[in-house]
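Work through the exercises below with the sequence and the 3D structure at hand. Try each task before reading its solution.

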Amino acid sequence: MSETPVKIVVDLSKPKGQRESMIELTQAEIDELEVMATEAEAQRLVGEQAKADAEVLRQSGLDKLIALGLTEAEALAIVGA
Amino acid sequence: MTMVLVETLTVETPVTFIDITGIPQDATDLLIIMSSREGGDQSSDSGFQFTVNGAYGDFKAVYGQITQVVAQTGSNLYVPSGMPTGGATAGAFGNTQIYIPNYTLSQRHPVAVDSVGENVSDVQFGQKMSLFGGLTSSSQPVTSMRIIYSNDAIQPNTTVFIYKIS
């Protein structure tokens with residue numbers, strides 16, 4: 001975003017109709033935002049890697065069950081579709 | 001039980017934060033219901049973060065797509081659904097509920113969040129759902145909350161309903 005990001009402040013202590021205001025973020029808030037974005041991206045990557053790892057293990061288990069003689073439907077009933 | 005709609009907020013231009021301040025202290029429970037969308041491309045995540053009284057909490061999240069589920073623990077977890085991206089197809093808006101009981105007490109507050117969103121169904125993790133819960137770091141009565149989308153901006157027509165329950 002090239003423009004200064006903004007926030008909505010809803011102050012519930014004020015009367016209705018006077019509660020909302022749009023305010024540009026301070027430099028401290030922009031700095032905090034960058035830290036948050038980095039943390040969120042790191043968490044997303046960890047989560048997606050964990051999902052990918054789980055899928056590899058699931059498929060490995062499925063293959064081994066089928067190799068033991070189970071049908072694919074039987075194996076899927078055990079490991080989940 | 002009395003459930004009172006305190007405020008309805010509709011986003012009209014893209015914003016990064018939604019700050020809710022001056023939360024009235026005359027009820028028992030606080031409920032935030034949100035219909036939301038963000039402006040990143042479809043390959044970005046669709047999550048948001050939030051603070052209570054200016055601080056994160058100790059949270060655990062379970063989220064995933066259909067049969068793929070992941071659990072995470074942290075102090076600054078993002079809710080990884082409920083805010084589909086600009087490239088979302090079937091579900092232009094996601095939904096989220098944030099529930100905080102006994103929010104006026106001076107104690108760490110349990111927070112429960114459930115959220116569902118859809119990005120683009122044919123990309124990996126395109127459909128997301130999450131259960132998210134934990135304790136706030138703040139042990140003061142809840143007077144403010146901040147909803148944050150850090151990668152782009154919360155889009156117009158995102159709507160936030162603030163209820164108090166007593």
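**Exercise 1.** Among contacts in chain B between residues at least 6 apart in sequence, what percentage join residues at least 24 apart?

*Solution.* Begin with the conventions. This is a predicted model, in which local features need pLDDT of at least 70 and side-chain atom pairs count only at pLDDT 80 or more, while totals for chains, interfaces and linings use all residues. Residues are numbered from 1 along each chain as its sequence is written, and chains are lettered from A and ligands numbered from 1 in the order in which they are written. Two residues are in contact if their C-beta atoms, placed from the backbone, lie within 7 Å. On this basis the figure for chain B is 80%.

**Exercise 2.** State how many helices and strands chain B has.

*Solution.* Helices (H or I, at least four residues) and strands (E, at least two) are DSSP runs, numbered from the N terminus. Chain B has zero helices and 11 strands.

**Exercise 3.** Find the order of the strands in the open sheet of five, and its edges.

*Solution.* Step one: two strands pair if DSSP finds at least two bridges between them. Step two: the order is E2(A)-E1(A)-E2(B)-E10(B)-E4(B), with mixed pairing. Step three: strand E2 (20-24) of chain A and strand E4 (49-52) of chain B each pair on one side only, which makes them the edge strands. Step four: look at one pair, E4(B) and E10 (residues 145-148) of chain B, which run antiparallel over four bridges. Within E10(B), Met145(B) is the bridge partner of Val52(B).

**Exercise 4.** Decide whether Glu118(B) is buried or exposed, and do likewise for helix H2 of chain A.

*Solution.* A residue is buried if 20 or more other C-beta atoms lie within 10 Å of its own, exposed if 12 or fewer, and partly exposed in between; C-beta atoms are placed from the backbone. Glu118(B) lies in strand E8 (residues 110-118) of chain B. Glu118(B) has 21 C-beta neighbours inside 10 Å, so it counts as buried. Helix H2 (residues 72-79) of chain A has eight residues and the number buried is zero, so the helix lies largely in the open. Gly80(A) follows H2(A) and has a positive phi, near 95°.

**Exercise 5.** Which residues have the most contacts inside the largest nonpolar core?

*Solution.* A nonpolar core is a set of buried Ala, Val, Leu, Ile, Met, Phe, Trp, Tyr and Cys residues joined through C-beta atoms within 7 Å. The largest one has 32 residues, and the answer is Ile18(B), Ile147(B) and Ile148(B). Leaving aside neighbours within four places in sequence, Ile148(B) is in contact with residues including Met36(A) and Phe17(B).
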